[in-house]
Amino acid sequence: AAARFLGRALCVCVENRFTDGLFFDAVLDLLAPEELQVFLVRCKVSPIKCDGGGGFGELPKIIEAHVQELAALGLPPRAVVFADSDAQFPGDVSKGAEIIAKSCQTHAIAGLILSKRAIENYIPDEVLQGWAAEPDNQAARPRVAAVCRLTPEQRDHLAMKKKFPQQFKTEQERGLFASVPPTDAALMRECGFKDDLIERLKTHRHHLSAEALRRRDGKGELDRLVNMIIDAL
């Protein structure tokens, strides 16, 4: 049973195996210790696979399907889960994220609900600035500059792919972004980043470093995710 259990790939359950998978690859490539890096290189078949559907609603189903699949083989779950909190302000956690966390707890699966709003909030300033510095992206430079002038907490909870709202829905959000200068707010209202923003971690990898990733993280969450993978392997 132990051989069958350890012979299976570790399933990293995410909301979207493409975007979250790209983010996860960047985190693992930059933050994994040398021992893990060597192990992954030497494996002929990847010992880790990402599985994800289309968001909060699908992730609990994926977790349940994984649990049932292994239970049918007489095995416990072999998985790690991470997901956005969709937090609009510090300490906020969406109901969808709470359901995912509860599912992990129910099935005794290691899970991490990221404290920042979304994976795009973990993109370091260096990557955004490097991308905006290119001639084809000069229209985005004012917005990138305004985003990079936000406080760390504001950067953590900005809806990166949307235009800066004219008015926030909650008192907590209004308080969080109250110090944003009107000129910067106007720049961020002109346009939002496209849905493929997270791909800058791959296309502009030369601007990315472990130090920059840890600095934007600021809470050790991404190192915690790597350690969860190590423990599960």
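Colleague: What makes Phe 164 and Phe 177 count as buried or exposed?

Modeller: Both Phe 164 and Phe 177 are buried, a term for under 20% relative accessible area, with exposed meaning over 50% and partly exposed in between (1.4 Å probe, protein chains only). This is a predicted model, in which local features need pLDDT of at least 70, side-chain atom pairs count only at pLDDT 80 or more, and totals for chains, interfaces and linings use all residues. Residues are numbered from 1 along each chain as its sequence is written, and side-chain values use heavy atoms, leaving out hydrogens and water.

Colleague: How many aromatic pairs are there by this rule?

Modeller: Rings of Phe, Tyr and Trp (its six-membered ring) pair if their centres lie within 6.5 Å; planes under 30 degrees apart are stacked, over 60 edge-to-face, and the rest tilted. The count comes to 7 aromatic pairs.

Colleague: Why is the pair of Phe 23 and Tyr 122 called tilted?

Modeller: The ring centres of Phe 23 and Tyr 122 are 5.8 Å apart and the planes stand at 55°, so the pair is tilted. Phe 23 and Tyr 122 are buried.

Colleague: Why is the pair of Phe 164 and Phe 177 called edge-to-face?

Modeller: For Phe 164 and Phe 177 the planes stand at 80° and the centres are 5.7 Å apart, so the pair is edge-to-face.

Colleague: What sits over the ring of Phe 193?

Modeller: The charged end of Arg 143 does, 4.5 Å from the ring centre; the criterion is NZ of Lys or CZ of Arg within 6 Å of the ring centre and within 35 degrees of the ring normal. Likewise, the charged end of Arg 78 sits over the ring of Phe 5, 5.2 Å from its centre.
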